[in-house]
Amino acid sequence: MLLSRNRLLAVCCFGALALLPAQTPDPEYDLLLKGGHVIDGKNNLNAVRDVAVKDGKIAAVGTNIPANKALKTVDVTGLYVTPGLVDIHVHVYQGPVRNSYANGDNGLFPDGYCLRNGVTTVADAGSAGWRNFEDFKTRIVDAAKTRVLAFLNIVGNGMGAGMIEQNVEDMDVEPTAAMAAKYKGTIVGIKSAHYSGPGWMPYERAVEVGKKVGIPVMIDFGSATRNNRTLNELFEKYLRPGDIYTHVYSGLRVEQDPVTHGPSLALVEGRKKGIYFDVGHGGASFGWGVAVPMMKAGFLPDSISTDLHRSSSNAGMKDMLNVMGKFLAMGMPLDQVILRSTWNPAKEIRHEELGHLSVGAIADIAVLRLERGKFGFVDMTTARMDSDKKLTCELTFRSGKVLYDLNGMTREAWDKLPVSSWRGGDLRWDGLRQPPQQKKQ
Ligand SMILES: [Zn+2]
């Protein structure tokens with residue numbers, strides 16, 4: 001005889017009626033991740049803890065939370081439980097235009113590249129400008145399961161193909177500010193990238209919009225052709241505390257001191273001023289010969305990010321966990337790597353509700369495995385660094401929902417389930433299966 005799953009079940013046992021507890025009445029939690037090593041930089045937590053989720057929020061973090069308090073308990077012993085990763089430099093405005101990051105084939109729809117890496121939040125780094133942002137929003141931001149935020153390009157057409165990014169005529173403060181204000185929150189900053197013309201106009205205008213709307217700018221300081229613009233001038237005259245300099249280990253714009261091989265004086269002064277330094281690995285913005293000596297000299301990145309796009313995803317960059325693995329390979333402790341991939345970037349884009357596992361926070365969670373073995377990591381010059389460690393992703397939750405589960409850890413063994421479930425089971429809203437309703441003995 002079956003009663004509600006939240007009541008005691010009356011079952012026939014050797015001809016006698018016996019009462020067995022099914023689930024705790026109205027379980028306190030929807031989900032319990034039990035026995036994992038939690039790394040939560042905001043809360044200075046780096047220890048084995050259980051993490052409980054209720055209604056899409058973190059409900060408790062503690063030791064020995066009883067399994068029977070949760071509708072679903074997953075044993076994550078031996079794994080790392082971290083806030084969902086936050087990658088603030090990606091290109092996800094995928095579309096039909098050839099060789100374009102704006103509505104083009106250089107962009108990648110985020111879900112297939114982010115969720116399987118524990119990344120629950122991304123910020124597109126300027127693929128769209130004010131002219132095409134609403135198309136980007138409708139087709140990508142609103143459609144993706146990954147949380148997609150964006151830096152709006154100072155160029156109205158965004159990162160289009162050819163010379164579109166060089167068109168100073170299309171760098172308008174007013175419409176860019178209007179669009180950024182309309183979608184403030186989803187639009188987290190203004191981007192200037194790849195400018196190779198003369199003068200400082202793109203940076204001035206990006207910062208002007210940033211001031212009007214109250215958001216930071218992210219700067220990709222162009223290619224090797226910079227028309228004598230110096231980093232020192234950029235940081236001193238134009239950028240504000242809280243603005244973001246990306247591609248910090250490219251070395252292409254004199255980030256590296258040519259004599260000491262450590263950070264250039266401009267970077268040291270920029271950091272003192274409060275400018276953030278972001279990795280933005282990409283296809284051509286991360287070299288071992290730049291990163292290793294700069295790291296050794298103590299110049300660590302504030303945020304680790306991918307610069308995900310079509311070519312970087314198949315070159316040395318690959319994905320977020322691969323880039324994080326490079327910092328492990330260079331000797332950065334795991335908790336520091338996680339901090340720079342969660343809470344630090346969340347702060348940079350002023351989404352402080354993300355990037356941590358505080359009670360009450362949105363339950364964006366990554367469950368990661370630190371593999372031991374023989375691995376190699378490749379930079380923009382195709383040079384390799386060997387490592388004995390590598391991060392892989394077992395589980396990704398956004399707002400408490402399972403969005404990626406590599407080994408089916410949240411699922412039931414098929415041959416333990418009733419025959420009635422073989423052609424489609426009774427799945428809950430978050431993809432978790434209802435616990436079996438009755439037991440026969
Ligand atoms: Zn980029």
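A residue is called buried if 20 or more other C-beta atoms lie within 10 Å of its own, exposed if 12 or fewer do, and partly exposed in between, with C-beta atoms placed from the backbone. By this criterion, 50% of the 441 residues of the protein count as buried. The structure is a predicted model, in which local features need pLDDT of at least 70 and side-chain atom pairs count only at pLDDT 80 or more, while totals for chains, interfaces and linings use all residues. Residues are numbered from 1 along each chain as its sequence is written.

The secondary structure comprises ten helices and 18 strands; these are DSSP runs numbered from the N terminus, with helices being H or I of at least four residues and strands E of at least two. Two residues are in contact if their C-beta atoms, placed from the backbone, lie within 7 Å. Among contacts with a separation of 6 or more, 72% join residues 24 or more positions apart.

Helix α5 (residues 231-238) has Leu231, Leu234 and Phe235 as its buried residues. Viewed down the axis of α5, these fall within an arc of 90°, so they line one face of the helix; the arc is that of the directions from the helix axis to the C-beta atoms. The cover over the buried residues of α5 includes α4 (201-213), β13 (217-219) and α6 (265-273).

Axes here are lines fitted to C-alpha atoms, for helices over the stretch in contact, and angles run from 0 to 180 degrees between N-to-C directions. The crossing of α5 and α6 is left-handed, meaning that the near helix is turned anticlockwise from the far one by less than a right angle, with clockwise giving a right-handed crossing. Leu231, Asn232 and Phe235 of α5 meet Ala266, Glu269, Gly270 and Lys273 of α6. By class, this contact has three nonpolar, two polar and two charged residues. Ala, Val, Leu, Ile, Met, Phe, Trp, Tyr, Cys and Pro count as nonpolar, Asp, Glu, Lys and Arg as charged, and the others, Gly among them, as polar.

Helix α4 also packs with α3 (residues 173-182): the two axes come within 9 Å and cross at roughly 40°. The helices α3 and α4 are therefore oblique to each other, and their crossing is right-handed. In α3, Val173, Thr176, Ala177, Ala180 and Ala181 meet Arg205, Glu208, Val209, Lys212 and Val213 in α4. The residues of this contact divide into six nonpolar, one polar and three charged.

In helix α7 (residues 288-296), the buried residues include Trp288, Val290, Ala291 and Met294. Seen down the axis of α7, its buried residues fall within an arc of 165°, so they line one face of the helix. Their cover includes β17 (384-398). Val292, also placed in α7, is partly exposed, with 17 other C-beta atoms within 10 Å. The C-alpha atom of Val292 is separated by 9.7 Å from that of Gly331, 39 residues apart along the chain. After α7 comes Gly298, whose phi is positive, near 90°.

Definitions and conventions. Parallel < 35°, antiparallel > 145°, perpendicular 65-115°, else oblique.
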